[in-house]
Amino acid sequence: MLSRLSAVVASILVHQLHVLCAATSLGTKPFPGLENLPKSFWHELSSPFTEVYEVESFATETGSTPEPSPFFEDSESNITVQLGAKVYMHCRVQNLQDTFKVSWVRRRGEELHLLTIDRDTYASDSRFSLEFEMPNDWRLFLSSAIERDGGVYECQVSAHPPLIRTVHLTVSGE
């Protein structure tokens with residue numbers, strides 16, 4: 001059944017190619033008006049079974065300048081601190097528009113523990129807080145590190161797909 005469907009689709013495509021080539025050689029537009037459709041339409045039409053993350057914005061389709069995408073200034077980092085030390089985990093995000101939010105999570109195996117979203121703290125442990133520093137540093141602050149605080153922390157931007165910057169924290173008892 002699938003091979004029969006593939007043969008039909010291939011036959012239609014070959015026919016359309018012949019029409020396109022004939023019209024192009026005559027100097028006419030084979031399908032007048034279709035050249036004005038947005039690129040996202042053609043992408044969806046040509047690949048209906050794939051998930052598309054990068055959807056063109058309305059600004060791009062209308063010809064205006066698109067908003068720049070957010071990005072991290074720094075790559076992932078490793079931080080080592082002494083027991084009881086204050087810790088700042090930096091997350092500098094450029095081109096962050098109002099539609100995106102920055103959050104911090106703690107990863108333990110497959111579990112994620114939400115710590116902050118935007119400027120609000122959701123951690124049950126009061127030692128964690130967010131200290132935003134202008135112009136773009138979403139710093140996770142830990143007031144007094146203990147050994148079990150060591151591990152993986154992620155700064156996430158709510159873009160699609162999400163942007164993730166990893167911080168590896170080690171707390172040394174010596």
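In this predicted model, residues 24 or more positions apart account for 55% of those contacts in the protein chain that have a separation of 6 or more. The secondary structure behind this pattern consists of 3 helices and 11 strands. Read from the N terminus, the order is α-α-α-β-β-β-β-β-β-β-β-β-β-β.

Of the 174 residues in the protein chain, 26% are buried. The accessible surface of the chain comes to about 11900 Å², and carbon and sulfur atoms contribute 58% of that area.

The charged side chains form 8 salt bridges. One of these joins glutamate 154 to arginine 107, with a distance of 2.8 Å from N to O. This pair links distant parts of the chain, since glutamate 154 belongs to strand S10 (residues 151-157) and arginine 107 to strand S5 (residues 102-108), 47 residues apart. Glutamate 154 counts as buried because its relative accessibility is 5%, under the 20% limit. Arginine 107, at 28% relative accessibility, counts as partly exposed.

Arginine 127 takes part in salt bridges with two aspartates. With aspartate 125, the closest N and O atoms are 2.7 Å apart; with aspartate 149, the N to O distance is 2.6 Å.

Technical notes:
Residues are numbered from 1 along each chain as its sequence is written. This is a predicted model: local features need pLDDT of at least 70, side-chain atom pairs count only at pLDDT 80 or more; totals for chains, interfaces and linings use all residues. Side-chain values use heavy atoms; hydrogens and water are left out. Helices (H or I, at least four residues) and strands (E, at least two) are DSSP runs, numbered from the N terminus. Buried means under 20% relative accessible area, exposed over 50%, partly exposed in between (1.4 Å probe, protein chains only). Contact means heavy atoms within 4.5 Å. Accessible areas come from the Shrake-Rupley method with a 1.4 Å probe; for residues, only the protein chains shown count as cover. A salt bridge is a side-chain nitrogen of Lys or Arg within 4 Å of a carboxyl oxygen of Asp or Glu.
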